[in-house]
Amino acid sequence: MLLALGLCGTGLLPAAAASAATGPGAYAFAPGARTVEGTASTAGAPRLDPGRVYRGSLPAHGRLTYRLDLADATATAYVPVTAVPPAHTDVTSTDGIRVTVRDAHGTACSFATARFGAGLSPRPVTALGRREAGRALCRAAGTYSVLVERLDTGGTSAPWDLELAPVMEPRLTSPGPTGAPRAWDSASPEPITGEARERAGGAGFTAARALGPGVWRTTLVPGRTVFYKVPLDWGRRLQASAELGGAAGHGYVGGALDLSLYDPVRGLADDVSLGYTGVRKPVALAPLPPVEYANRYAAPAAVSALRFAGDYYLVLHLSDRLTETFGPGPYEVTLRVRVDGRAHAGPGYAGRPQPDGVFTPTAQAEAAPPIGDGGGGLAGGGSPAMKAVAAGGIGLGTALLLVLGGWTLAARRAQTRVSAQKPTA
């Protein structure tokens, strides 16, 4: 445990190596991702197996189709698609991708879009297609198609890389809630204070660096995107903000820093960005509810996405347009993370999700803050494992003190007896 915490503090973790291996600014695709080529129609479309990660390419104005075979009508399938344009290419705010899932009759089960936004900066964007069990449409088992479309309004014509990571969520072992939670505390919490600790981000979802509660600092160059993962158990709640440090120069850059939150299946929960004039400035995610299974029945995406326990992804992107106005950097970014709420047991699944462990939070030792951290760690209701470690450490220390005290008392008594037995001169 001490070794793991030490490595965490020094940044010597496998994800960091994966990030560094990709080269500066490049997206880190999942190791071992299978190459797949989508087709122009459903005929001959390649199959996507939940639990595997795929890599492909999307041409300009392209439309690619993939196949999803669902043998279990009671399971929910998610298909996140991440589009990665080449660095330093021109994009517009409305460029992006659309992902649509359809049944065998052509009925749309869901569709989602992801765009580059006001930053006008090429970056990885992710849209989530899904076939949800229990809905009025697309209820049957069978073959479904996944359509990935590129939304171009005048940006680059170069092809974009794709990463597809389908996930299968089993049904519950017993009937669960059928409606969204009625109330939760939506007040904005007090900002987290304290000394910032260095933590470089990873270069992709599978290379994301584990992050616990507290104040963290990194440096980014324009055009760079970094990924962090925050483990959240059932009942736990995340709040986060990012602050872009000051810079010399005059001007304004819209969407200079973008902060996004994705759930364990890479569904977007919230996305915020800030305009920048060279003055230090923060931007914060909207207040979010605790992680609960019933959140999936809520209409707002910021609530609906908080439907699983697991690793949630904080993604930072620094617009490459900053170079023109304020220089090439690097720029200091401070990330403040609060995790609170009372953890509890989650619903039981009738089977194993695919991939295995996708709804299990990362081991707390990898992301835990130091003991005594005021950002919602042990004092804020930390995980049972971390509480046990702390309690074990306190108990061991107390026992050692008692033993040492006993030895000291025994030695003093023996010395007294020896002195009493010596003859007097």
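Buried means under 20% relative accessible area, exposed over 50% and partly exposed in between, with a 1.4 Å probe and protein chains only. This is a predicted model, in which local features need pLDDT of at least 70 and side-chain atom pairs count only at pLDDT 80 or more, while totals for chains, interfaces and linings use all residues. Residues are numbered from 1 along each chain as its sequence is written, and side-chain values use heavy atoms, with hydrogens and water left out.

**Stop 1: aromatic rings**

Select Phe29, which counts as buried at 15% relative accessibility. Rings of Phe, Tyr and Trp (its six-membered ring) pair if their centres lie within 6.5 Å; planes under 30 degrees apart count as stacked, over 60 as edge-to-face and the rest as tilted. Ten aromatic pairs turn up in a search of the whole structure. For Tyr27 and Phe29, the ring centres are 4.8 Å apart and the planes lie at 80°, so this pair is edge-to-face.

Next, select Phe227. The rings of Tyr27 and Phe227 have centres 5.9 Å apart and planes at 70°, so they too are edge-to-face. This pair links distant parts of the chain, 200 residues apart: Tyr27 sits in the loop between helix H2 (14-21) and strand S1 (34-35), and Phe227 in strand S14 (residues 225-232). Helices (H or I, at least four residues) and strands (E, at least two) are DSSP runs, numbered from the N terminus. Phe227 counts as buried at 2% relative accessibility.

To see the cluster that ring pairs build, select Tyr27, Phe29, Phe205, Phe227, Tyr262 and Tyr313.

**Stop 2: a cavity**

Which residues line the largest cavity? Select Thr82, Arg123, Pro124, Thr126, Phe205, Phe227, Asp258, Ser260, Tyr262, Val315, Leu316 and His317 to show its lining. On a 1 Å grid over the protein atoms alone, a cavity is a set of points where a 1.4 Å probe fits but cannot get out, and lining residues have an atom within 4 Å of a point. Strand S16 (253-262) and strand S19 (310-318) each supply at least two of the lining residues.

**Stop 3: a sheet**

Finally, colour the open sheet of four strands, ordered S3-S8-S5-S6 with antiparallel pairing. At its edges are strand S3 (63-70) and strand S6 (108-115), each pairing on one side only. Two strands pair if DSSP finds at least two bridges between them. Seven bridges join strand S5 (residues 96-102) to strand S8 (residues 142-151). Select Arg98 and then Glu149, its bridge partner in S8.

Methods: On a 1 Å grid over the protein atoms alone, a cavity is a set of points where a 1.4 Å probe fits but cannot get out, and a pocket is an open set with protein on both sides within 12 Å along at least five of seven lines; lining residues have an atom within 4 Å of a point.
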